[in-house]
Amino acid sequence: MEKNDEAVKAFFTRLDRTFFLEDHQHLASYDRPLPIGYDQTISQPTLVLEMTLSLDLHPDLKVLEIGTGSGYQTALLAEFSEAVYTVERINPLLKKAQKRLLELGYHNIHFKLADGTSGWEEHSPYDRIMVTAAVKEIPAELLRQLSPGGKMIIPVGDDNIQELKLIEKKQNEEIKSQVIKHVQFVKLRGEYE
């Protein structure tokens, strides 16, 4: 196991999930998704860790996150990358996540209220992209915004079950895709739902 994987796991163990919940805090230690309001959820911790490890983060990377949600996943991304650009379509969730993450001392996170299916063109390309809601098909905009040599994690499928995919863009722009596991995420609202 790589040294960085151990650092990610150690930080994950220290990161208090209750801090990212307003309700259901007594269930925070359970390895299951929990509601955070607005028909959204905070993912189960082991899945958040697995997705984070799959991105192979490094301190010099620029990361795009689609679906800020509670900010739990965002904290993991921010801890192990140079900059995180996170997009959320629900304003109250975005504001709460921004407040939490600033309280934790993160100043390398940029927040945007928008439809995540369009990514965040202005700051592209990104070395890594983390999508925390399901799409029926991978948005072309996100593939375009992924830099050559970059990686993206995205759940793809219907409402009931999706394939969590690791997408890699080779230096020659060729796209490789592999299924990590089957998952169940809320839908990514917007053009690709």
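**Close-up 1: the contacts of S70.** S70 touches F20, I36, I42, A97 and R100, leaving aside residues up to four places away in sequence; contact here means heavy atoms within 4.5 Å. The model is predicted, so local features need pLDDT of at least 70 and side-chain atom pairs count only at pLDDT 80 or more, while totals for chains, interfaces and linings use all residues. Residues are numbered from 1 along each chain as its sequence is written, and side-chain values use heavy atoms, with hydrogens and water left out. S70 sits in the loop between strand 3 (62-66) and helix 3 (72-79); helices (H or I, at least four residues) and strands (E, at least two) are DSSP runs numbered from the N terminus. With a relative accessible area of 5%, S70 is buried (under 20% relative accessible area, 1.4 Å probe, protein chains only).

**Close-up 2: T74 in helix 3**. T74 is buried too, at 0% relative accessibility. Again skipping residues up to four places away in sequence, T74 touches E65, T68, V84, T86, L101 and I109.

**Close-up 3: Y85 meets W120.** Rings of Phe, Tyr and Trp (its six-membered ring) pair if their centres lie within 6.5 Å, and planes over 60 degrees apart count as edge-to-face. That rule gives five aromatic pairs. In one of them, the ring centres of Y85 and W120 are 5.4 Å apart and the planes are at 85°, so this pair is edge-to-face. Y85 belongs to strand 4 (residues 83-88) and W120 to the loop between strand 5 (109-113) and strand 6 (126-131), so the pair ties together parts 35 residues apart in sequence. Both Y85 and W120 are buried.

Notes: Buried means under 20% relative accessible area, exposed over 50%, partly exposed in between (1.4 Å probe, protein chains only). Rings of Phe, Tyr and Trp (its six-membered ring) pair if their centres lie within 6.5 Å; planes under 30 degrees apart count as stacked, over 60 as edge-to-face and the rest as tilted.
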